[in-house]
Amino acid sequence: MTIGLAASTGRSTAFRAVRDALRAQGLATPELDARVLLFEALSITAEEFARNPDAAIGEAGAGRLEVLAGRRLDREPIARIIGKKEFFGLDFAVTEATLVPRPDTETLVEAVLSFVDDGPGRGAALTIADLGTGSGCILVALLDALPAAEGLGVDLSADAVAVAAGNAERLGVGERARFVAGDFSAAAGGSHDIVVSNPPYIERSTISGLDREVAAFEPVLALDGGVDGLDAYRAIAALAAGMVRAGGLVALETGIGQAGAVAGLLGPAGFTDVAIRRDLAGIERVVTGRQKAGD
């Protein structure tokens with residue numbers, strides 16, 4: 001589908017044309033999406049648009065905006081189209097190898113920071129392991145908030161590891177972050193103060209039926225949680241006791257309806273004070289547990 005933009009089309013006219021096309025296709029946020037796409041296609045800021053809304057978009061701008069709008073009309077997420085997503089106040093690069101960071105996951109970061117605030121404090125020299133790091137958004141956000149902490153991010157995808165390392169470097173925590181391509185056992189044997197994970201948790205049989213923005217564009221490796229969605233949690237529970245030092249924390253994001261089952265895995269794995277934290281929508285989103293303190 002083409003929108004019919006021309007080199008002589010003004011910025012504001014182009015914005016309205018894209019907005020209306022997105023709205024006609026039933027997209028949830030057509031006005032916001034149209035602005036983002038226009039600014040990306042023309043390499044302009046909101047301020048530049050406001051100063052000169054009638055400037056012609058030019059031949060190159062028209063062509064680029066048509067392409068970007070077409071991708072959005074195909075339900076490709078905005079973050080994938082522009083290659084970045086804001087998370088916890090930081091902009092993260094995303095690629096086809098990584099999940100797009102979601103606001104729900106900020107609940108996991110907040111849970112960890114609450115643990116730190118109630119205990120060692122944000123100036124402590126903590127060590128953090130992030131299992132299934134993806135874009136690195138969880139680990140990098142934590143390192144940004146904890147200036148003396150160091151972290152290890154692990155992911156099966158070497159491409160995701162490269163993205164995460166690039167994000168850490170660009171956001172100023174690269175010297176305190178290390179990333180490894182491998183399974184969760186790559187973090188085993190370490191003595192971490194905190195282990196975090198937003199692992200794959202979608203039931204395998206339901207992936208194809210998810211909204212197109214997820215099913216068609218998110219990496220299956222980061223979605224597939226096995227038959228019941230809990231495979232990754234079982235793997236983490238089996239390994240976590242050997243990863244977390246006495247008194248340390250494990251914090252796991254969960255899917256809707258999974259928190260109780262995940263909490264039930266942590267007790268037998270040797271964790272105490274198992275708790276469930278809700279996200280802003282009231283959904284049980286994060287399960288935490290403390291490693292038993294040493295005698």
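Predicted model: local features only at pLDDT ≥ 70, side-chain atom pairs only at ≥ 80, totals over all residues.
Modeller: Two residues are in contact when heavy atoms of theirs lie within 4.5 Å of each other.

Colleague: Thanks! Which residues is R80 in contact with, leaving aside its neighbours within four places in sequence?

Modeller: With neighbours within four places set aside, R80 is in contact with R71, T95, E96, T98, L99, V100, F217, E218 and P219. You will find R80 in helix 5.

Colleague: Why is R80 called buried?

Modeller: Buried means under 20% relative accessible area. R80 has 10% relative accessibility, so R80 counts as buried.

Colleague: And what makes the R80–E218 pair a polar contact?

Modeller: A polar contact needs a pair of N or O atoms within 3.5 Å. The side chains of R80 and E218 come to 2.3 Å, so the pair qualifies. The side chain of R80 also reaches the backbone oxygen of F217, at 3.0 Å.

Colleague: How far apart are R80 and S157 in sequence and in space?

Modeller: They are 77 residues apart in sequence, and their C-alpha atoms are 18 Å apart in space.

Colleague: Let's turn to helix 4. How do you know that its reach is close to what is expected?

Modeller: The expected span is 1.5 Å times one less than the number of residues. Helix 4, residues 58–73, has 16 residues, and 22 Å is expected for it.

Colleague: Which of its residues are buried, and what do they pack against?

Modeller: The buried ones are G61, A62, L65, E66, L68, A69, R72 and L73. They pack against helix 1 (11–24), helix 2 (30–42), helix 5 (78–82) and helix 9 (212–215). After helix 4 comes R75, with a positive phi near 75°.

Colleague: What about D279: buried or exposed?

Modeller: D279 sits in the loop between strand 8 (271–278) and strand 9 (284–291). Its relative accessible area is 7%, and the limit for buried is under 20%, so D279 is buried. Its side chain makes a polar contact of 3.1 Å with the side chain of R285. Beyond four places in sequence, D279 is in contact with D104, T107 and R285.

Colleague: Now the whole chain. What makes it as compact as a globular protein of that length?

Modeller: The chain has 11 helices and 9 strands. Its radius of gyration is 21 Å, close to the 19 Å that the globule rule gives for 295 residues, so the chain counts as that compact. Of the 295 residues, 49% are buried.

Colleague: Which residues have the most contacts inside the largest nonpolar core?

Modeller: That core has 34 residues, and those with the most contacts inside it are V112, I128, L142, I194 and V196. Helix 7 gives the most to this core, with 8 residues. Beyond neighbours up to four places away, I128 touches residues including L139, L142, L152, I194 and V196. Apart from this core lies another, of 28 residues, among them L152, I202, Y233 and I236.

Colleague: How do you know that a nonpolar core is made of buried residues?

Modeller: That is part of the term: such a core is a set of buried residues of nonpolar kinds, Val, Leu and Ile among them, joined through side-chain atoms within 4.5 Å.

Methods
Residues numbered from 1 in each chain as written. Heavy atoms only, no water. Helix = DSSP H or I, 4+ residues; strand = E, 2+ residues; numbered from the N terminus. Buried < 20%, exposed > 50% of the residue type's maximum accessible area, 1.4 Å probe, protein only. Polar contact = N/O pair within 3.5 Å; in protein donor to acceptor, adjacent residues only side chain to side chain. Rg over C-alpha atoms; globule rule 2.2 N^0.38 Å.
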